[in-house]
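Then we'll walk through part of it together.

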Amino acid sequence: MTAPTPRVGRGPSGNGTARVPWVLVLPALIGLLFLLLPLVGLLVRAPWATMGRRIVDPDVLTALWLSLSTSTAATLVSLVLGVPLAWSLARTEFPGRRLVRALVTVPLVIPPVVGGVALLLVLGRNGIVGQYLYSWFGLTLPFTPAAVVVAQVFVAMPFLVIGVEGALRGADRRYEEAAATLGAGRVTVFTRVTLPMILPGIGAGAVLCWARALGEFGATITFAGNFPGTTQTMPLAVYMAMQRDPEAAIVLSLVLLLVSLAVLATLRERWMSV
Amino acid sequence: MPEIPPRTRCAGTGVYRACAVAAALALGLTACSGDGGGERTENVELTVMAAASLTDVFTEIAESFEEEHPEVTVVLNFAGSGELAQQIASGAPADVFASADTTTMERVVEAGDLDADWAAEHGEEGLVFATNTLMIAVPPGNPAGVSSLHDLTSEDVSTAFCADEVPCGTATGIALEAAGLEVAPVTLEEDVRAVLTKVELGEVDAGLVYETDVISAGDRVKGIGFPEAKEALNEYPIGVLANSESPERAAAWVDFVTGQGAPIMREAGFGTP
């Protein structure tokens, strides 16, 4: 048996496109179609005639602004808390680390509505922690934009942690060891060697985290409630619109989709050019 | 739509029961097996789409109905009325629709989704089979000392309402207008059960829910009636759907709900015509 030698340079582009294996391409195409068809559905059923008027509706803009600002805030919080958490999971040894790692993914597994109830039970006015926030500082978290951010962080941060942890595990540790032997402390190694090395991983994790926060629905409506301008983000506005005016719901969905695609495309371009 | 699955009473038990019946019949009729002519062993599924607030009563009524009509398995699908109307408009297979308000039923009627023959006989806009009254629900102990609708206007009282888009929200708006009051709620919940949850957990000082919700919540909330609730009486229409494969059985279900079902409805706190 002779293994087929790769015939590099014989195709027009020279990268072997002539030998695309259909066993990979066929499922890839079906997968792509499956992901895109719902989008086509939205586009086909959208009320294009009234689209312009509906988009500039102040209520839509309010919800959109709330969505963008809260999901961005949630991503920043997740970065501040999640990167160190990922580092601890990837670079330190402590008893029960595997258990902690599993626990970090709990928000990915439980239905967001359940997450919202859990947050209420802990951070609500009568919650385990929330009752002290209320009696000591007069703070009530539910029904505020801060609660929206809390719900989004809870649901979205695991995406960041898992992404960054993966990047850390993939990174070559010899650079860190070299820096350490040259006398750098652990913090210096982290900020001057580790962070720059895993920056693309952090970026990818942050984008996933942001996207998940932007689409967050269940935990938000359960924990933060639903009030226009305060806690009604775009996904909540879509759900409410669906009850009475499905066309308005389609418009809102498209707006959310286009804005998030635009943001992601811009980010990606910036990134690739760096 | 996300995360709030319609509560479907598991058809499995019904099917299991049906199988048991079929097996018993088969055992008893082994001698006659072969002709299979007039035996009514065939099981019929009747899909009833009903507003979430009917969950408890319809589940109970379905059990009595199945006892009387053993050949029928009632499959109940509970969700917000608007969501169900949307599913019906999208061609979801169902036999009966029971809405928590007349507005949603009007949408179904306008789309031509009600069975024409049934509607001609019982009402073009469906048949109103129950009414529900609003009530103020407060957590046990009533921490904010609420005693009337007017108390909800106070800044020190945090209130949860249903969103305008859902039936209980419409009723809330009517009641407040009748009372000439303006209330600034902290949240507009997606359905009446969500308002009840916020009250039960003590996250708000008061919420406007239906009397039936207060009764079903037992000790977990306290209900306070108010006179303007009469202005905002919520009517529940029911109707046989055009999509129904057995409109006669669907009509039988509607008759059952309005007849034998009425005492069960009243016990749960509904008004019946």
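**A sheet and its neighbours**

In chain B, five strands make an open sheet with mixed pairing, in the order β8-β7-β9-β6-β10. Helices (H or I, at least four residues) and strands (E, at least two) are DSSP runs numbered from the N terminus, and two strands pair if DSSP finds at least two bridges between them. The edges belong to β8 and β10 (222–224) of chain B, each with a single partner strand, so one side of each has no neighbour in the sheet. On average, neighbouring strands here are turned by 35° against each other, ignoring direction.

Before going on: this is a predicted model, where local features need pLDDT of at least 70, side-chain atom pairs count only at pLDDT 80 or more, and totals for chains, interfaces and linings use all residues. Residues are numbered from 1 along each chain as its sequence is written, while chains are lettered from A and ligands numbered from 1 in the order written.

Now zoom in on strand β7 (residues 159–162) of chain B, which pairs with β8(B) in the parallel sense over three bridges. There, B:F161 sits opposite B:L188 of β8(B). Helix α6 (residues 167–179) of chain B packs on the sheet, touching β6 (134–138), β7, β8 and β9 (206–210) of chain B, and its direction makes about 115° with that of β7(B). (Touching means C-beta atoms, placed from the backbone, within 7 Å; axes are lines fitted to C-alpha atoms, for helices over the stretch in contact, with angles from 0 to 180 degrees between N-to-C directions.)

What about the other chain? The contact takes 19 residues from chain B and 22 residues from chain A.

Terms used:
Contact = placed C-beta atoms within 7 Å.
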